[in-house]
4 protein chains.
Amino acid sequence: MTRTEIPQILDGTHPTAPRTVALAHQALIFASGLAISVETIPGLPVWADRVLLQFELVVLLVFTAEYVTRVVCAERPLRYIFSFWGMVDLLSCLPLLAFVSPELAAVRVLRLLRLVRLLKLLHTNAALKRLELALHSIRGELAVFAVLACVVIYIAGVGIYIFEHDAQPEAFSSIPISLWWAIVSFTTVGYGDIYPITAAGRVFTAALLFVGLGVIAVPTALISSALIRSDLSATRDKTLHDDIEREVRKELGPVKRKPTRR
Amino acid sequence: MTRTEIPQILDGTHPTAPRTVALAHQALIFASGLAISVETIPGLPVWADRVLLQFELVVLLVFTAEYVTRVVCAERPLRYIFSFWGMVDLLSCLPLLAFVSPELAAVRVLRLLRLVRLLKLLHTNAALKRLELALHSIRGELAVFAVLACVVIYIAGVGIYIFEHDAQPEAFSSIPISLWWAIVSFTTVGYGDIYPITAAGRVFTAALLFVGLGVIAVPTALISSALIRSDLSATRDKTLHDDIEREVRKELGPVKRKPTRR
Amino acid sequence: MTRTEIPQILDGTHPTAPRTVALAHQALIFASGLAISVETIPGLPVWADRVLLQFELVVLLVFTAEYVTRVVCAERPLRYIFSFWGMVDLLSCLPLLAFVSPELAAVRVLRLLRLVRLLKLLHTNAALKRLELALHSIRGELAVFAVLACVVIYIAGVGIYIFEHDAQPEAFSSIPISLWWAIVSFTTVGYGDIYPITAAGRVFTAALLFVGLGVIAVPTALISSALIRSDLSATRDKTLHDDIEREVRKELGPVKRKPTRR
Amino acid sequence: MTRTEIPQILDGTHPTAPRTVALAHQALIFASGLAISVETIPGLPVWADRVLLQFELVVLLVFTAEYVTRVVCAERPLRYIFSFWGMVDLLSCLPLLAFVSPELAAVRVLRLLRLVRLLKLLHTNAALKRLELALHSIRGELAVFAVLACVVIYIAGVGIYIFEHDAQPEAFSSIPISLWWAIVSFTTVGYGDIYPITAAGRVFTAALLFVGLGVIAVPTALISSALIRSDLSATRDKTLHDDIEREVRKELGPVKRKPTRR
């Protein structure tokens, strides 16, 4: 095992080495995310707090060791340090400072950046690649849709402010709050924290939501069509290939058969 | 009727026997589910409680009789007993114990396992098979999507905890609670039990929900494209078949026609 | 104009007569629906109530006149009277009784049945026919999906009852109430009238909603694929037709050309 | 630069001139929309109010200057003034009157019309054109769907009024209010401001929402199929083109080759 193979083993992209190390690495990141989540639950027993703290220390030491290893083993250490993943790795070691001085506790959250690494394992995944290609092929349509959706949401927010502000000066206190309402309504989440109560506001909302049904349909339709288009073009390429093969067989066929017929 | 045909008749998979027994069996399971549901309604009259109790006893006796029959009639009784469906059948008889000793009332709920059997009737259904095949062909994409959705929900939950915990220490009391909020919001259910109130939390949520519109679109698009792909490949196979037939006709045609032309 | 043409003119299906009468008829049904809706608004001024009452009387007289006309003009009056549309027409005249004796006011609502007639105008619509054909071609899959959705909702309802009943005996008071919650949650409506508050109930709900994202995707995917399949088969028929034409041209072509070459 | 090129430069449709002016124009409209939104926030410091007011004055002067320029530079000034965009441009200058007499403050909102112009930049966008074509090809189906959805919502609204009015005379006070509930429920927004509480009302709602799952699926499916159909027809055109090319090659090929074979 050469020095440059170590990062590959850590990433699970090494051609021959087992992926055990990479999987253990991912599991540690996952467990770390779980621990961060659990330790915020109020009223945990003291022993649980202590266990979680010790686990956090272990995780951070492993992460720091990993970072040092990666810097040492990188072909171009400086390039790694200033790369995107290098920054992520460095930032996820920093929470160790919180153990040195307690007022730096906020940096613990940086460890969450590690979660981004989970996506790395998926990077060589064929299914994800197909999804990415499909989304890439419709980036124009998605951008247009996003702009249209923003304009519709802006108009909805300003409109509801005009209709509802006088009736509910507390709920629809400003246009930014009305925009919050518009987004919550158009994504059909509908928390129910603010909603129109005037007749005009309700007619306006009803009309917009009715249109909204169609608006929400567009991204689904776009992604569906992109996925199917990639199938279609694969099918056409296959058909074209078959056509060409057939043509060639036709050209050669008679030549071969003709002598046997005469 | 031989001994081994009895389970087939109970399942409705017997080639010649009428499916009456199987349908009655399914109806009994359905009625049993309904009875379980009805008997939890508070303030039922005493006679209704009594009727439901007696019905339950009858159902359990039928289930027990069925279980004994299946064990006796199975080609390999032990294999049946330890099979998945054997366990389900046994567990759905156990609530009979609740009639013997009242403190075992909780086992009644085991009868619900019977509902799983309802799915068995669908097993030979062609429409379900097509759906299953389509879902199977995109299991990779669906798994990738599930992982991505989990990461997005985790990031959303942690993010909203950071933004809202100080403003609403009761509502967003811990990250697990925030994850609950994130799932309820991303699936666009939006109960409205907890929701962000700070400006930062709302901007964060609005941005995530906007992206969420696209995220929710992905599984629909994947399933659509899988169903259509199966149509497409069927079409292509048909077209290829036509092409081959045409080729063969072409090869044979001239041979037949040529003599008549000369 | 013969007697039997009158119903066709009323329905707008007459080949030559203008559709004015049919459109006026539809407009009257629409206005009638609007009037029924408006007259329930509390606190209407007395004059508005009077106008609406008079309008209602006019509408009912028109409907009654129409019913009599249809019976008289029908080729087989008895067959019309006992047909589906005949019953609808009769029932929508009955509210006239409410003017005779005030205690029959409830029959007014029968006039709403007229709204069903609005669908009749769409009956000859090509777009609707295409939609109907597509839905018809996947009726098997939709039925399977409906059964699966029912089973999932039943399991969700019973599950949440087990988890939440002790914590919220008021909200989740019985399994039927829990089923109401399950439907409101799975359709992603989420009124927020009842929702889980225990950790177990929330984890259970979160898991189910996560699956629910995929479940909701299925009917959309089915309808999409059905609509596209009808396009595909149209395309294939067109392609096959082209192929046959080409074959024929090929067969005839050489015969025509050959003499000119020799 | 000729006089008639100035509007093209402002619109960013000039063939050679850089689009800087058009982009700055768009940015100003966007900033103006943001300012309108921000100035409604209650409790802004005095200096912020003053800055926003001055910004508004600048924007209005720019808009007025632009309007005058467009009128002067238009080939047919009168035609521009009475065109749709001419009216929009004029209306967005009018808020200047609010600075002259404070009681005209309401006209400020007219400036929002400017946002409509944002859509103009998208007009030459290929992605939007594809979306428009797809939507145009299914306008018949979408209209039928809209009518069907309206009828279903009307029936739902009247139905829930009948079921819930007696139990909740405040919430379901009239049919128009019930229609508001029906739209909020069918679009799966579900604010939770009003919801059924009677058993009959809930069973009715549950049944309708179950159907609603399918109804919501239709527009998505329609748009998906329209987008894919446009791909399909493109594919078929391509295939037909290939076929014709092949035919031609076939016709010419033997002629060319035949002499070399003999």
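Okay, before anything else, one term: a residue counts as buried if 20 or more other C-beta atoms lie within 10 Å of its own. Keep that in your head, and keep in mind too that this is a predicted model.

Let's start with one helix, α10 of chain A. Helix α10 covers residues 175–186, so to speak a run of 12 residues. From its first C-alpha to its last, α10(A) reaches 16 Å, close to the 16 Å expected at 1.5 Å a residue. Now, is α10(A) mostly covered or mostly open? Mostly covered: 11 of its 12 residues are buried. Here they are, if you want to click along: A:I175, A:I177, A:S178, A:L179, A:W180, A:W181, A:A182, A:I183, A:V184, A:S185 and A:F186. After the helix comes A:T188, and its phi is positive, near 60 degrees.

Let's hop over to chain B and pick a single residue, B:S185. You'll find B:S185 in helix α10 of chain B, residues 175–186. Buried or exposed? B:S185 has 27 other C-beta atoms within 10 Å, and the cut-off is 20 or more, so B:S185 is buried. What does B:S185 touch, leaving aside its neighbours within four places in sequence? In chain B, B:S185 is in contact with B:G190, B:T205 and B:L209, and there's also A:V189, over in chain A. For a sense of scale, take B:A98: B:S185 and B:A98 are 87 residues apart in sequence, and their C-alpha atoms are 41 Å apart in space.

Back to chain A for a helix pair. Two packed helices are described by the angle between their axes and the distance between the axes. For α2(A), residues 20–38, and α3(A), residues 46–73, the angle is about 145 degrees and the axes are 10 Å apart. The crossing of α2(A) past α3(A) is left-handed. Who meets whom? From α2(A) we have A:L28, A:S32, A:A35 and A:V38, and from α3(A) there are A:L52, A:F55, A:E56, A:V59 and A:V62. Sort that contact by class and you get 7 nonpolar residues, 1 polar and 1 charged.

Now for whole chains. Two copies of a chain are related by a rotation about an axis and a shift along it. Chain B goes onto chain C by a rotation of 90 degrees with 0.0 Å of shift along the axis, and the RMSD is 0.1 Å. The two copies are thus related as by a four-fold rotation axis. Chain D superposes on chain A with a rotation of 90 degrees too, again with 0.0 Å of shift and an RMSD of 0.1 Å.

So where do chains B and C meet? The contact takes 37 residues of chain B and 39 residues of chain C. On the chain B side, the elements giving two or more residues are α2, α7, α8, α10 and α11. α11(B) gives the most, with 10 residues. By class, this side of chain B has 22 nonpolar, 11 polar and 4 charged residues. Why do we say that chains B and C meet through different surfaces? Because only 16% of the interface residues of chain B are also interface residues in chain C.

Last one, chains D and A. Here 36 residues come from chain D and 38 from chain A. α11(D) gives the most to the chain D side, with 9 residues, and that side divides into 22 nonpolar, 11 polar and 3 charged. Only 17% of the interface residues of chain D are also interface residues in chain A, so these copies meet through different surfaces.

Terms used
Residues numbered from 1 in each chain as written. Chains lettered and ligands numbered in written order. Predicted model: local features only at pLDDT ≥ 70, side-chain atom pairs only at ≥ 80, totals over all residues. Least-squares fit on C-alpha atoms with pLDDT ≥ 70 in both. Contact = placed C-beta atoms within 7 Å. Helix = DSSP H or I, 4+ residues; strand = E, 2+ residues; numbered from the N terminus. Nonpolar A, V, L, I, M, F, W, Y, C, P; charged D, E, K, R; others polar. Expected span 1.5 Å × (residues − 1). Axes fitted to C-alpha atoms, helices over the stretch in contact; angles between N-to-C directions. Left-handed = near helix turned anticlockwise from the far one by under 90°.
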